Amino acid sequence: MDNDRPIFLQIAELIENSIIDGSLVEEAQVPSTNELAAFHRINPATAAKGVNQLVSEGTLYKRRGIGMFVAGGARARLRERRRDRFTEQYVGPLLAEARKLGIGHDELMKMIDSFGAVVGRDLG
């Protein structure tokens, strides 16, 4: 866990990451708040706060007496939200800095491609 961010947000993000990467598929049951609390050694109320945030956003839903489940369409909604946040946090500032430095589109694309080759990943 990261000490700089509230733990309940980190729990929510861990569940979101599992949905995005396909570890938790739509309609799958998510770990209970007690399971999350025991695994991460946190207060169950803190785990519940993270899960409840995802319920209020429509990412998870509750089946009374059974548990929490991944909502239909959750993966697509999360990916879209994360893409928007990625654009705001990374792409926008990257383009602003490139403009300041006089880096054009073609040069920037070459930089991105060569960096991808260095780290061994293709954005494909």
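# Salt bridges and helix packing

Visitor: Is E27 buried, exposed or partly exposed?
Guide: E27 is partly exposed, its relative accessible area being 42%. Bear in mind that this is a predicted model.

Visitor: What does the E27 side chain meet in a salt bridge?
Guide: Its partner is R63, at 3.6 Å from N to O. R63 lies in strand 1 (residues 60-63) and E27 in the loop between helix 1 and helix 2, so the pair ties together parts that are 36 residues apart in sequence.

Visitor: And R63, buried or exposed, or partly exposed?
Guide: R63 counts as partly exposed, at 34% relative accessibility.

Visitor: How many salt bridges turn up in the whole structure?
Guide: A search finds 6 salt bridges. One of them joins the side chains of R82 and E16, at 3.1 Å from N to O. The pair ties together parts 66 residues apart in sequence, because R82 is in helix 4 (residues 74-100) and E16 is in helix 1.

Visitor: Which residues are linked with E16 and R82 in a network of salt bridges?
Guide: E57 and R81 are linked with E16 and R82 in that network.

Visitor: How accessible are R82 and E16?
Guide: R82 is partly exposed, with a relative accessible area of 22%. E16 has 7% relative accessibility, so E16 counts as buried.

Visitor: What forms a salt bridge with E97?
Guide: That is K100, with the closest N and O atoms 3.6 Å apart. E97 and K100 are 3 residues apart in helix 4, so about one helical turn separates them. E97 counts as partly exposed at 37% relative accessibility, while K100 counts as exposed at 65%.

Visitor: Changing topic: at what angle do helix 2 and helix 3 pack?
Guide: Helix 2 (residues 33-40) and helix 3 (residues 44-56) pack at about 120°, and their axes are 8 Å apart. That angle makes helix 2 oblique to helix 3.

Visitor: Is the crossing left-handed or right-handed?
Guide: Helix 2 passes helix 3 in a right-handed crossing.

Visitor: Where does R41 lie?
Guide: R41 is in the loop between helix 2 and helix 3. R41 is exposed, with a relative accessible area of 79%. The C-alpha atoms of R41 and V25 are separated by 25 Å, the two residues being 16 apart along the chain.

Visitor: Which residues form a nonpolar patch on the surface?
Guide: M1, I7 and L14 form one, with about 250 Å² of accessible area together. I7 belongs to helix 1 (residues 7-20) and is partly exposed, at a relative accessible area of 35%.

Definitions and conventions: Residues are numbered from 1 along each chain as its sequence is written. This is a predicted model: local features need pLDDT of at least 70, side-chain atom pairs count only at pLDDT 80 or more; totals for chains, interfaces and linings use all residues. Side-chain values use heavy atoms; hydrogens and water are left out. Patches are made of residues with over 30% relative accessible area and no salt bridge: like charges are joined within 9 Å, nonpolar side chains (Val, Leu, Ile, Met, Phe, Trp, Tyr) within 5 Å. Accessible areas come from the Shrake-Rupley method with a 1.4 Å probe; for residues, only the protein chains shown count as cover. A salt bridge is a side-chain nitrogen of Lys or Arg within 4 Å of a carboxyl oxygen of Asp or Glu. Helices (H or I, at least four residues) and strands (E, at least two) are DSSP runs, numbered from the N terminus. Buried means under 20% relative accessible area, exposed over 50%, partly exposed in between (1.4 Å probe, protein chains only). Axes are lines fitted to C-alpha atoms, for helices over the stretch in contact, and angles run from 0 to 180 degrees between N-to-C directions. Angles under 35 degrees count as roughly parallel, over 145 as roughly antiparallel, 65 to 115 as roughly perpendicular and the rest as oblique. A crossing is left-handed if the near helix is turned anticlockwise from the far one by less than a right angle, and right-handed if clockwise.
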